[in-house]
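Dear colleague,

Please find the structure below, handed over for your use. My notes on what was found in it follow directly after.

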Amino acid sequence: MSEQADVIVVGGGSTGCGVVRDLARRGLDTVLVEKGNLTHGTTGRMHGLLHSGGRYAVSDRKSARECIEENLILRDIAGHCVEETGGMFVKRPEDSEEYFQEKLEGCRACDIPVEVIDGEEARRREPYLARDVEKALVVPDGAVDPFRLCVANAADAREHGARIETHAEVTDVLIEDGQVVGVEVEHDTGPGKRVHREPGTTEEIRARYVVNATGAWAGQLGEMAGVDVEVRPSKGVMTVMNVRQVDTVINRCRPKGDADIVVPHETACILGTTDEEVEDPEDYPEEEWEVDLMIETLAELVPALKDARTLRSFWGVRPLYEPPGTGTDDPTDITRDYFLLDHDERDDLPGMTSIVGGKLTTYRMMAESISDHVCEKLDHEAECDTADVPLPGSEDFSVLREYMDEFGLRSPVGRRSAQRLGSKTDDVLKSVSPNPVVCECEGVTRAEVRHAIGEAGSDLNAVRLRTRASMGNCQGGFCTHRIAAELTQEYPEPVVRDAEDELYQERWKGQRHALWGRQLSQAMLNHLLHATTMNRDGDPAGLNASVDFAAFDAGPDTADDPTGGDAGADSGTAAADGGRPRAEGGVDGDR
Amino acid sequence: MAIDSDVLVAGGGLAGITAAVAAAREGADVRLVSYKASTLRQASGLIDALGYLPPTEPAKPLRDGPPTAGRGVDPDEWDDPEGPLIDPFEAIDRLPEDHPYRILGADALRDGLALFDDLVGDAYLGSHTERNALLPTFGGSVKPTARYPRAAAAGIASDDASTLIVGFRSLTEFDARTFADRLTAAGVPFPVAGAEVEFAEAFRADAKITRFAGALDLDQPIDGTPAREALAKAVAPHLHDIVDADGGVERVDRIGFPAFLGDEHADEVRAELADRLGADVFEIPMGPPSLPGLRLEDRLYKALDAEGVRFETGNPVVGVETDDAGRVEHVLVDRKGREIPYSAETFVLATGGLVGKGLDSDRTGVREPAFDLHVPQPANRYEWFVDDVFGEQPYARFGVRPNARGQPLDADGEVQYINVFAAGSVVGGADVAREKSASGVSLATGHVAGTEAAAAAIEGTTEPAQ
């Protein structure tokens with residue numbers, strides 16, 4: 001099978017999704033290929049901060065200005081992905097006053113709205129802040145849901161004719177006559193939605209241009225094309241708390257360092273992070289000290305974190321890049337700016353450009369700049385409109401919010417569904433009746449789960465990311481099987497089983513990093529529910545040996561006992577009224 | 001007035017109740033204190049003894065070092081467990097040496113089950129044989145168990161009676177169609193179909209299972225029709241849903257429902273449905289809140305009362321005070337912030353495991369908070385788990401380690417307090433979930449602890465032995 005497109009975008013993170021939307025809207029025939037789910041690599045593994053730019057206001061004013069510009073744009077075009085939490089840079093007694101002043105001036109210089117408040121006012125706004133916090137800078141940080149953002153970009157691209165292929169790993173970059181002409185991909189379960197147990201296929205996709213938007217994996221794709229892309233993957237831990245100890249983004253106001261930010265995100269708070277260079281973006285140690293450091297250091301800002309319940313931890317890798325020869329040792333010193341590497345200019349390999357570095361907040365701007373570049377290469381004239389046109393789900397979202405307040409959706413479940421779904425709320429929630437809650441921790445209903453299954457196939461991790469189902473306190477203990485049961489409408493039993501096992505195992509992965517206190521109790525309860533009550537681990541359907549059912553107890557009133565009389569001394573008593581004779585007759589008679 | 005008894009049992013779950021009754025039957029004056037509602041509400045109500053011997057060693061050595069991002073790393077590999085076991089008793093010798101069954105012996109399990117049979121009377125079946133029965137689980141599997149409630153009995157899997165599994169559109173725990181296909185995949189010897197039916201959708205969409213149980217219990221009208229009749233009508237169109245290999249239809253012999261068929265009047269509800277539908281009716285045990293677990297709890301507390309055991313709930317045991325000889329003199333019970341001493345000759349600790357909060361933990365370690373008993377554990381918390389969720393999880397075996405009399409041992413293997421005995425999930429060494437041994441371990445340890453505690457209290461043999 002072969003297809004000729006204008007552009008192939010490799011990588012389904014925020015950059016790739018932004019690029020495919022931009023190019024599709026400009027009228028180019030575009031294909032996005034991603035080896036996992038959308039956001040699978042780095043985008044889905046960040047703390048969800050929508051930068052105000054404050055973090056870069058001292059060290060990197062260009063990035064700071066870009067952040068505040070894009071921050072304001074995203075509030076407009078992606079209302080259902082953004083929570084306008086506001087943010088603070090808080091100063092403890094031991095933190096430098098000089099730096100505080102530099103930060104304040106930096107924010108002003110970059111047009112970041114900023115306000116100075118004293119410790120008392122900071123605690124009035126965020127009561128769990130430490131008593132010795134002296135003062136704070138207030139900035140317009142926010143929280144962004146990276147998955148919803150990427151899905152919305154991909155959905156808009158699709159509406160404009162793009163093809164989106166997830167679980168489609170690039171296995172080769174096709175080069176003919178010294179020019180990149182396409183890629184070869186392996187579809188994990190065939191093209192389209194991922195469905196367990198469907199056989200994989202290989203496809204060559206040809207295009208006039210290839211964009212490498214694989215972030216930390218850009219070097220690997222470059223290698224397939226025979227070019228060097230010097231990304232320096234750097235890992236960082238994020239630790240998820242079970243509640244929002246703060247409703248505002250809390251940053252530590254000091255030059256740089258690990259464990260200096262708490263981001264309220266949906267029902268949780270996410271603590272971050274570390275910054276350690278790693279060799280391989282797919283295989284690096286996830287270490288105990290990193291988790292301990294988050295809790296202990298950030299408890300200096302929010303003491304309640306010390307004894308709070310931790311749900312899980314996860315790690316992400318930043319796609320840091322620096323031009324060859326810069327020679328920075330410490331990854332925290334590497335610029336957060338982004339770079340376009342035109343392989344024609346750089347390596348005499350026309351037909352491909354890599355985009356590296358950057359950050360989620362400025363994904364749209366990066367996408368615009370690489371789309372401009374691609375259009376120039378293809379001699380295609382079209383205007384970028386991504387800064388002005390709302391993403392699907394965000395149209396009239398503010399109007400919808402008022403409507404929610406006024407009418408039915410007053411329950412917390414309805415409210416949360418509406419926040420996740422944005423302007424799609426009505427259509428989705430009315431599609432299924434009855435519509436019971438499937439995930440109780442996060443208040444996710446059947447309609448939302450089925451809607452996500454419609455988009456994502458049997459891939460329950462993709463369903464989870466779309467809906468937040470299984471992301472609360474129980475970490476899937478009470479709902480993995482319930483989410484899987486919703487697959488029954490469309491998929492046969494073995495697919496449901498594989499999907500369920502995969503989600504349950506994925507949920508365990510992050511919980512391993514939170515196995516103490518109440519989350520260890522939760523893990524044991526989950527273990528008892530799934531192994532004791534459901535017998536998922538010993539299910540004869542999953543074991544190699546078959547079961548001799550006749551050798552087991554068939555009840556006290558069955559005469560045939562294959563082992564001959566055994567020890568049951570009081571079998572007479574038990575059988576006396578055990579089980580009525582099999583009932584006869586009935587409401588509908590025998591048809 | 002001093003609070004005193006021969007035996008004081010801390011903990012009101014299956015193990016605590018068993019220990020209290022066992023002690024009372026030895027002639028001891030027994031008092032039971034428990035903190036919260038027992039974890040029976042989370043239990044399926046099936047009484048498992050031993051259903052599997054899970055592998056304790058990986059098929060391939062575990063990866064060294066911390067967890068990794070792991071996308072390119074092999075997960076742990078484990079062999080299949082041995083089982084389902086037909087005979088739980090003969091397999092005991094093949095459990096790890098420090099398993100409570102190995103320490104206490106197979107007769108402790110027999111005694112515990114016999115006591116249970118006596119307490120629950122004809123509400124449970126299975127005592128006519130030492131063999132396990134296979135019962136359907138709400139995960140769509142079957143599992144081996146030693147005793148099963150009468151309400152679940154008609155679901156027994158070693159029976160070729162054709163079966164309909166009923167699910168409810170407004171309940172999300174399982175989908176009956178996948179359930180039926182899973183049973184078939186498990187190789188059950190009966191034809192089975194699943195049907196999702198519309199019932200009680202007048203209730204709000206996420207009504208609790210107890211709401212359905214209540215309506216059926218009292219036969220309350222739902223949209224004008226009495227609940228039991230309404231349920232029978234909803235199921236009736238599916239009585240011929242089983243299609244055999246030749247395309248013929250077969251009338252079902254038995255029908256399985258999620259376990260919400262009434263509460264106080266559960267027998268009556270099942271009987272009426274069976275009559276209306278012309279088929280046997282059984283319940284499939286569910287997760288929390290579990291009606292079979294709650295019904296068992298009610299029954300056990302009535303039995304406890306009948307045995308003359310005094311009990312009080314709502315107050316936790318928060319500490320102990322010892323004498324110079326290393327005996328526990330009394331435990332401290334927190335009553336509204338005041339620590340009240342409860343003294344006794346002997347004490348049974350049955351406060352539960354990680355779920356029941358009989359074991360507590362933080363980032364630095366796991367401890368038994370009431371008596372501060374020794375809990376063996378790897379020093380590094382990243383050795384408390386393995387990567388496969390159903391692998392040999394060290395955390396699942398956390399707990400105090402007893403000797404053959406049920407006395408917890410210290411780090412040197414010596415009895416920690418001469419007059420303290422432990423029972424139930426606070427006892428470690430078993431992975432009760434993978435073994436399907438949870439109730440059996442509670443009954444065996446409870447029986448031993450109660451009997452020994454009573455004997456020691458009555459005979460005054462709480463002086464150091466050996």
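Two strands are taken to pair if DSSP finds at least two bridges between them. Helices (H or I, at least four residues) and strands (E, at least two) are DSSP runs, numbered from the N terminus. This is a predicted model, in which local features need pLDDT of at least 70 and side-chain atom pairs count only at pLDDT 80 or more, while totals for chains, interfaces and linings use all residues. Residues are numbered from 1 along each chain as its sequence is written, and chains are lettered from A and ligands numbered from 1 in the order in which they are written.

Strands and sheets

In chain A, an open sheet of three strands has the order β3-β8-β4, with antiparallel pairing. Its edges are β3 (49–50) and β4 (82–83) of chain A; each has a single partner strand, so one side of each is left without a neighbour in the sheet. Two bridges link β3(A) to strand β8 (residues 142–144) of chain A in the antiparallel sense, and L49(A) has A143(A) of β8(A) as its bridge partner.

Strand β2 (residues 30–33) of chain A runs parallel to strand β9 (residues 163–165) of chain A, and three bridges join them. Opposite L32(A) stands I164(A) in β9(A). From β2(A), T30(A) and L32(A) point one way, V31(A) and V33(A) point the other way, and all are buried. Here a residue is buried if 20 or more other C-beta atoms lie within 10 Å of its own, exposed if 12 or fewer, and partly exposed in between, with C-beta atoms placed from the backbone.

Chain B contains an open sheet of four strands in the order β8-β7-β13-β14, and the pairing is parallel. Its edge strands, β8 (192–197) and β14 (280–284) of chain B, each pair on one side only. From one strand to the next the twist averages 25 degrees. Strand β7 (residues 163–168) of chain B is joined to β8(B) by six bridges, in parallel, with G167(B) opposite E196(B).

A176(B) belongs to helix α4 (residues 176–185) of chain B. Which residues does A176(B) touch, not counting residues up to four places away in sequence? They are I165(B), V166(B), G167(B), G194(B), A195(B) and E196(B), where contact requires C-beta atoms, placed from the backbone, to lie within 7 Å. A176(B) is buried, with 29 other C-beta atoms within 10 Å. The C-alpha atoms of A176(B) and F138(B) are separated by 9.4 Å, although these residues are 38 residues apart along the chain.

Helix α14 of chain A

Seven of the eight residues of α14(A) are buried: L460(A), A462(A), V463(A), R464(A), L465(A), R466(A) and T467(A). After α14(A) comes R468(A), with a positive phi near 75 degrees.

The axes of α14 (residues 460–467) and α16 (residues 493–511) of chain A come within 8 Å and cross at roughly 60 degrees. Axes are lines fitted to C-alpha atoms, for helices over the stretch in contact, and angles run from 0 to 180 degrees between N-to-C directions. L460(A), N461(A) and R464(A) of α14(A) make the contact with A499(A), E502(A), L503(A) and E506(A) of α16(A).

Domains and the chain contact

Domain bounds come from an automatic or database domain assignment. Chain A has domain 1 (2–43 + 147–230 + 336–377), domain 2 (82–142 + 232–321) and domain 3 (431–577). The C-alpha centres of domains 1 and 3 of chain A lie 38 Å apart, and their contact takes nine residues from domain 1 and 13 residues from domain 3.

Chain B has domain 1 (4–118 + 295–459) and domain 2 (139–284), with 34 Å between their C-alpha centres. In chain B, 15 residues of domain 1 are in contact with nine residues of domain 2.

Between the chains, the contact takes 81 residues from chain A and 95 residues from chain B. On the side of chain A that touches chain B, α17(A) gives the most, with 12 residues.

Yours sincerely

Conventions. Contact = placed C-beta atoms within 7 Å.
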